[in-house]
Amino acid sequence: MLSIRKHYLLHFLILCFVAPALSANKIYRSIDAQGRVTYSDTPSVGAQPIKIISQPSRHLYQVIRVYDGDTIILEDKKHVRLLGINTPEIESRQRAEEPGGVIAKKWLQAQLQENKVYLEFDQVKRDKYKRLLAHVFLPDGKHLNLALLENGLAVISIIPPNGRYTDKLIQAQQHAEKLKLGIWSMPEYQPRPITQITNQTKGWQRFTGTPVSIKKSKKYTRLILNDKVDIRVANTNLDLFPALTTYVGKPLEIRGWVSRSKDQYSILIHHPSALIVR
């Protein structure tokens with residue numbers, strides 16, 4: 001058991017030695033009848049957990065190519081997907097080019113002339129395609145994920161449990177949107193009524209609609225927009241949102257990708273940043 005009596009001594013040891021080893025665990029603070037403070041990694045009656053703040057680590061990598069506006073390729077051929085953002089697609093065998101995709105790629109290429117980046121990972125390090133997920137920084141400290149948003153070249157795409165820098169990313173997007181930079185000025189990305197969803201709806205889109213009811217299943221809670229369209233939130237992410245009942249009856253802007261099953265459409269929302277009350 002880790003037990004330290006002096007507050008300043010504990011603080012020093014946590015910062016220097018304990019935090020790296022126990023970053024996934026908790027430290028508990030308790031006060032006995034004589035007013036003495038004890039810290040421990042084992043909970044006891046009346047003990048309160050305290051937060052250990054550790055500095056995220058970054059490691060230097062060599063970049064050999066920019067794949068698109070939000071993906072780079074390292075010298076070991078590993079693909080790195082920039083966390084928390086999404087840029088329009090470039091043309092490939094699987095997808096048609098989306099407006100703004102080439103602009104974002106060229107901007108990222110211009111930033112990586114020295115071909116060196118620092119990567120900072122979050123809780124989930126790889127996606128389902130085995131790509132690394134990271135916040136990408138230049139040697140001078142420039143945060144590329146953030147800068148893409150600030151310039152209107154990307155949109156926020158927060159997927160829990162990865163959520164580092166969320167507040168800063170949201171602020172950057174709001175800045176670009178207010179100034180109508182990049183994507184925010186393009187006609188292809190302007191809000192459209194939810195009734196305009198069709199089988200041809202592709203890519204990231206903005207829709208407007210008013211939920212009329214809620215339907216809950218074992219895996220998802222759905223905000224029903226009409227008999228054909230709903231907004232889907234995984235029950236495991238509900239604690240990130242205000243009570244979904246607060247959205248019912250309010251005009252919303254919904255940002256994301258539309259999926260279709262037969263004649264039913266659904267927009268999966270991972271984070272409240274994609275639901276804006278208008």
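Reader: Which residues line the second largest cavity?

Author: In this predicted model, the lining of the second largest cavity consists of G100, I103, A104, G152, L153, G182, I183 and M186. Each counts as a lining residue because it has an atom within 4 Å of a point of the cavity.

Reader: What makes the second largest cavity count as a cavity by volume?

Author: Its volume is about 30 Å³, and the rule counts cavities of 30 Å³ or more. By this rule the protein has 2 cavities. The largest cavity has a volume of about 50 Å³.

Reader: How are the residues of the lining of the second largest cavity divided by class?

Author: The lining comprises 5 nonpolar, 3 polar and no charged residues. Gly counts as polar under the classification used, and G100, G152 and G182 are among the lining residues.

Reader: Which residues line the largest cavity, and what classes do they belong to?

Author: N86, T87, P88, E98, V155, I183, Y189 and W204 form its lining. By class, 5 are nonpolar, 2 polar and 1 charged. Glu counts as charged, and E98 is one of the lining residues.

Reader: Why is E120 called buried?

Author: A residue is called buried when its relative accessible area is under 20%. E120 has a relative accessible area of 0%, and therefore E120 is buried. This residue is found in strand β8, residues 116-120.

Reader: What makes the pairing of the side chains of E120 and R58 a polar contact?

Author: The distance is 2.7 Å, and the cut-off for a pair of N or O atoms is 3.5 Å. The side chain of E120 also makes a polar contact with the side chain of R164, at 3.1 Å. Leaving aside residues up to four places away in sequence, E120 touches P56, S57, R58, A134, H135, F137, R164 and Y165.

Reader: How do you know that the buried residues of helix α2 lie on the same side?

Author: The buried residues of α2, which spans residues 101-111, are G101, A104, W107 and L108. They cover an arc of only 130° around the axis, and so they lie on the same side of α2. An α-helix has 3.6 residues a turn, so residues three or four places apart point the same way.

Reader: What do the buried residues of α2 pack against?

Author: They pack against β4 (59-68), β5 (71-74) and α3 (144-150).

Reader: How many residues does the protein have, and what share counts as buried?

Author: The protein has 278 residues, of which 45% count as buried. Its secondary structure comprises 4 helices and 19 strands.

How values were computed
Residues numbered from 1 in each chain as written. Predicted model: local features only at pLDDT ≥ 70, side-chain atom pairs only at ≥ 80, totals over all residues. Heavy atoms only, no water. Helix = DSSP H or I, 4+ residues; strand = E, 2+ residues; numbered from the N terminus. Buried < 20%, exposed > 50% of the residue type's maximum accessible area, 1.4 Å probe, protein only. Polar contact = N/O pair within 3.5 Å; in protein donor to acceptor, adjacent residues only side chain to side chain. Contact = heavy atoms within 4.5 Å. 1 Å grid on protein atoms, 1.4 Å probe; cavity = no way out; pocket = protein on both sides within 12 Å on 5 of 7 lines; lining within 4 Å. Points joined across faces, edges and corners; volume = space filled by probe spheres on them. Arc of directions from axis to C-beta.
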